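Hello,

Here is the structure I said I would pass on. My notes on what was found in it follow below.

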Amino acid sequence: MYKCDHCLRTFAPRDAVHLEIDGAPKVFCCGGCSGIYLLIHSEGLDNFYSNRRWSETGIDTLLFEKEIDPGPFEAQASDDGAYKQTDILIDGIRCASCVWLNEKVLSRTPGIMKVNVNYATHRARVSWDPAVTGIGAVLKKIQSIGYMPKPFSRSGQLKLRETESREMLVKLGTAGFLSSQLMIYSIALYAGYFQGMDRTTKTILEVIAMFLTAPVIFYSGGGFIKSTLTGLRHFRFNMDSLITIGTLSAFFYSIYAMTKGAEVYFDTSAMIVTLILLGRYIELSAKGKASEAIDRLTDLAPAEARLIVSGKGMETERLRVPLASLKKGDLVEVAPGERVPIDGVVVGGSSEADESIITGESRPVPKGRGSKVIGGSINLYGSIKLEVTATGEETILSGIIRSVEEAQSAKPRIQGVADRVVGMFVPSMLILAVITGLYHMASGQSAERSLMTGVAVLVIACPCSLGLATPLAVLIFTGMASSAGVLIRRGDAVEKAGKCTDVLFDKTGTLTQGRPSLRETMVMDPDFERDYLISLAASLERLSEHSIGNAVLKAESLLEKARNFEVTGFAAVPGRGIFGRADGKDVFIGNRLMMNENGIAMPLNISDITGGPEREGETVVFMGWRGKLRAVMAVSDILRDESAEAAAQLHKMGLGISVISGDNESTTRSIASKASIGTSIHEATPEMKRTRILEMQKEGKIVMMVGDGINDAPGLTQSDIGVAMGRGTDIAIESADAVMLRNDLRLVPFLIGLSKKTYAIIRQNIFWAFIYNLLAIPVAAAGLLHPVIAAGAMAASSLFVVGNSLRIRNFRQAGQ
């Protein structure tokens with residue numbers, strides 16, 4: 001076994017590269033190491049080798065076998081009882097094939113259940129079965145293929161992106177400067193080729209060109225070489241392999257040509273690296289701009305909070321403390337003009353808050369005692385005292401950031417086609433380049449011409465644009481949606497919403513404002529007083545999440561002699577109502593179905609009693625026990641101001657619109673009519689909502705449902721894309737693909753329009769990437785493209801995808 005004089009790696013004798021430098025024999029593991037050694041030696045920097053302190057030998061052990069502490073990764077992992085999941089920042093991802101390689105290797109590892117790597121953010125989300133494997137094995141597997149796993153943190157991700165961008169700019173600047181100098185000597189060589197030049201002058205110019213090219217390839221293009229060597233070590237190829245083999249082939253052939261007096265191609269090698277670095281740098285900048293929405297959200301929370309603590313006697317003190325030290329129940333003071341540091345509820349003072357950057361709500365939101373405030377919003381006018389209700393990852397802001405990042409990590413199905421192509425494309429192109437070179441040589445072409453044709457195939461085939469086609473567009477889409485007030489929880493929402501054909505709206509709390517009031521209580525049993533019936537109903541509704549319950553509670557708060565009864569056996573029946581035992585009675589409150597199913601008899605004139613309120617769009621609630629109806633309550637809710645406008649925009653987009661509600665026919669039709677929606681489905685239970693959506697899907701329709709309550713959860717889950725109102729129940733939000741952070745129904749057509757625009761651009765990007773390779777590779781294989789032109793075309797292809805994706809930012813919904 002030999003040891004490389006540059007990297008100290010041990011290797012087999014058959015791979016050795018032997019050189020004699022200053023009379024001393026040197027051996028290297030590859031041409032890359034020998035080239036770097038020559039460069040360092042020629043610059044008089046041999047002290048590098050005597051001063052370095054490498055405790056272990058070889059590139060492999062230096063970079064890929066360094067022991068990594070699994071503790072920080074384990075600490076970040078979540079556990080759902082069956083599997084564990086964590087986020088890992090993978091350093092070294094350079095192209096779509098890097099993503100493909102990591103996903104394939106990890107997904108084939110025993111115990112790893114799911115893995116998703118985001119090309120745009122370099123963030124991997126890995127789920128594993130702790131009974132089969134552990135985080136340490138995951139980390140070693142990533143290391144084994146030449147990448148460096150790091151604990152994920154938003155600050156770490158930003159730092160990595162800044163470092164990567166800075167290093168890329170330095171390498172691009174170096175390559176650009178040296179390539180421009182190289183062109184001067186290359187032009188002189190070209191002139192000599194046509195007009196004649198003495199051998200000595202030609203040799204001097206070629207040597208200068210070689211030394212100008214070497215730093216471009218081995219420093220500026222060093223990342224390509226390193227990535228290629230890592231892949232070859234594991235018998236895998238990536239996009240960088242195409243670039244490395246192409247440039248090194250031209251470079252080392254040119255050194256050989258110098259000894260034979262033939263034409264050299266140093267300028268070709270340098271320009272390939274320079275043009276590709278230019279494309280990568282612009283791509284990196286575009287990804288940074290696309291992540292601005294996350295960066296803005298991350299920067300919202302201040303680093304410190306003003307904690308109120310007890311001092312001597314009855315006095316209190318205000319202490320500046322780090323945000324991470326706050327606990328639930330702590331009291332925090334927020335002065336006018338300051339950002340609210342954390343989620344809480346107002347326990348003192350009053351003010352207004354600007355929540356626009358979080359929810360998209362442009363108007364200041366009043367805040368008084370009992371009001372909830374969102375960390376990251378701005379306290380505008382008055383000083384307020386908050387009681388902390390959520391910390392760390394539990395805050396609304398953290399949840400928004402987490403959901404956006406998850407959506408950005410997810411891949412639409414169309415990206416799966418691109419991923420499969422990338423996996424087999426690179427080795428296929430290597431084989432094609434070899435066949436092309438051999439074919440041209442067999443056809444009578446010169447060796448140098450055949451080599452350049454093969455290099456052109458390698459360079460132009462690099463499918464960078466294919467890997468970038470979807471992630472950048474999804475990144476911009478989720479950022480724009482969150483800025484407008486729509487939280488995208490699942491990445492495939494862009495595909496589903498873009499194909500949407502029908503929209504179903506829930507009525508209460510969705511089309512209406514969800515702030516109902518008890519307009520009238522009709523006593524049906526003279527043995528009971530109105531106030532008693534309202535108090536009894538309020539005792540049960542206090543345990544319910546339905547917005548109608550709030551109307552009863554508000555009415556109870558206005559009673560002079562309100563009573564609070566202890567409730568046992570409470571249960572909510574989605575789509576029906578609630579029941580429980582209070583004051584010795586088994587009380588049922590809900591709609592007609594609830595009464596019929598529990599033996600509550602209706603009087604014969606019930607239609608006359610309920611007809612008026614129902615025609616006005618009010619919800620009629622029945623209350624009874626022991627087989628008898630005791631009260632009828634008319635609850636009114638106000639239609640949202642923007643409902644008709646949102647419906648008009650959806651109609652204009654050619655979508656089918658319906659209202660689906662558990663309420664009776666008269667009330668549902670009345671609200672639908674006021675919202676300019678022609679179709680309504682009434683008395684729908686949660687299961688009926690799900691069944692109706694399933695029937696529409698069997699007809700080939702792509703269905704979006706918009707809802708806010710527990711009874712909407714089955715429909716939100718069954719629909720192709722579920723959209724929950726931001727003030728909806730937790731179950732509705734968890735069942736949804738997207739959440740409207742501000743309750744503005746115009747966000748529904750905005751989301752659909754933005755999705756259509758984004759999905760169209762993704763299709764354009766993938767079409768362009770395929771058609772570019774389909775047309776360009778045969779042209780290059782025919783020998784009609786110089787490698788420099790091929791490099792320019794490849795960079796231009798990536799820039800087209802970047803520029804096309806950035807057009808999403810120009811989207812404006814009508815009326816905005």
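How many bridges join S21 to strand S26, and do the two run parallel or antiparallel? Six bridges link S21 to S26 (residues 628–636), and the two strands run antiparallel. One of the residue pairs there is threonine 521 with its bridge partner in S26, methionine 633. Please keep in mind throughout that this is a predicted model.

The sheet around that pair

S21 and S26 belong to an open sheet of six strands, in the order S21-S26-S25-S24-S23-S22, with antiparallel pairing. S21 (517–523) and S22 (567–573) are the edge strands, each of them pairing on one side only. From one strand to the next the twist averages 20 degrees. Helix H21 (residues 530–541) packs on this sheet and touches S21, S22, S23 (577–582), S24 (585–590), S25 (619–625) and S26. The direction of H21 makes about 80 degrees with that of S24.

Strand S29 covers residues 703–707, and five of the five are buried, so the strand is largely enclosed by the rest of the structure. Both of its faces are covered. Val703, Met705 and Gly707 are buried on one side, and Met704 and Val706 are buried on the other.

S29 pairs with strand S20 (residues 502–506) through four bridges, and these two strands run parallel. In that pairing, valine 503 stands opposite methionine 704 of S29. Four bridges also join S29 to strand S30 (residues 721–725), again in parallel. Here glycine 707 stands opposite alanine 724 in S30.

Two packed helices are described by the angle between their axes and the distance between the axes. Helix H30 spans residues 747–781, and its axis comes within 10 Å of that of helix H18 (residues 471–484), with a crossing of roughly 165 degrees. H18 and H30 are therefore roughly antiparallel to each other. H18 passes H30 in a right-handed crossing. On the H18 side the contact uses Ala473, Val474, Phe477, Met480, Ala481 and Ala484. These meet Leu747, Phe750, Leu751, Leu754, Ser755, Thr758 and Ile762 in H30. By class, the contact of H18 with H30 has 11 nonpolar, two polar and no charged residues.

The other helix is H16 (residues 447–460), whose axis comes within 8 Å of that of H30 and crosses at roughly 170 degrees. H16 and H30 are therefore also roughly antiparallel. H16 contributes Thr453, Ala456, Val457 and Ile460 to the contact, and H30 contributes Tyr772, Asn773, Ala776, Ile777, Ala780 and Ala781. The residues of this contact divide into eight nonpolar, two polar and no charged.

Serine 269 is found in helix H11 (residues 266–290). Is this serine buried or exposed? Serine 269 is buried, with a relative accessible area of 0%. Leaving aside residues up to four places away in sequence, serine 269 touches Thr213, Ile217, Thr247, Ala250 and Phe251.

Regards

Definitions and conventions. Residues numbered from 1 in each chain as written. Predicted model: local features only at pLDDT ≥ 70, side-chain atom pairs only at ≥ 80, totals over all residues. Heavy atoms only, no water. Buried < 20%, exposed > 50% of the residue type's maximum accessible area, 1.4 Å probe, protein only. Pairing = 2+ DSSP bridges. Axes fitted to C-alpha atoms, helices over the stretch in contact; angles between N-to-C directions. Parallel < 35°, antiparallel > 145°, perpendicular 65-115°, else oblique. Left-handed = near helix turned anticlockwise from the far one by under 90°. Contact = heavy atoms within 4.5 Å. Nonpolar A, V, L, I, M, F, W, Y, C, P; charged D, E, K, R; others polar.
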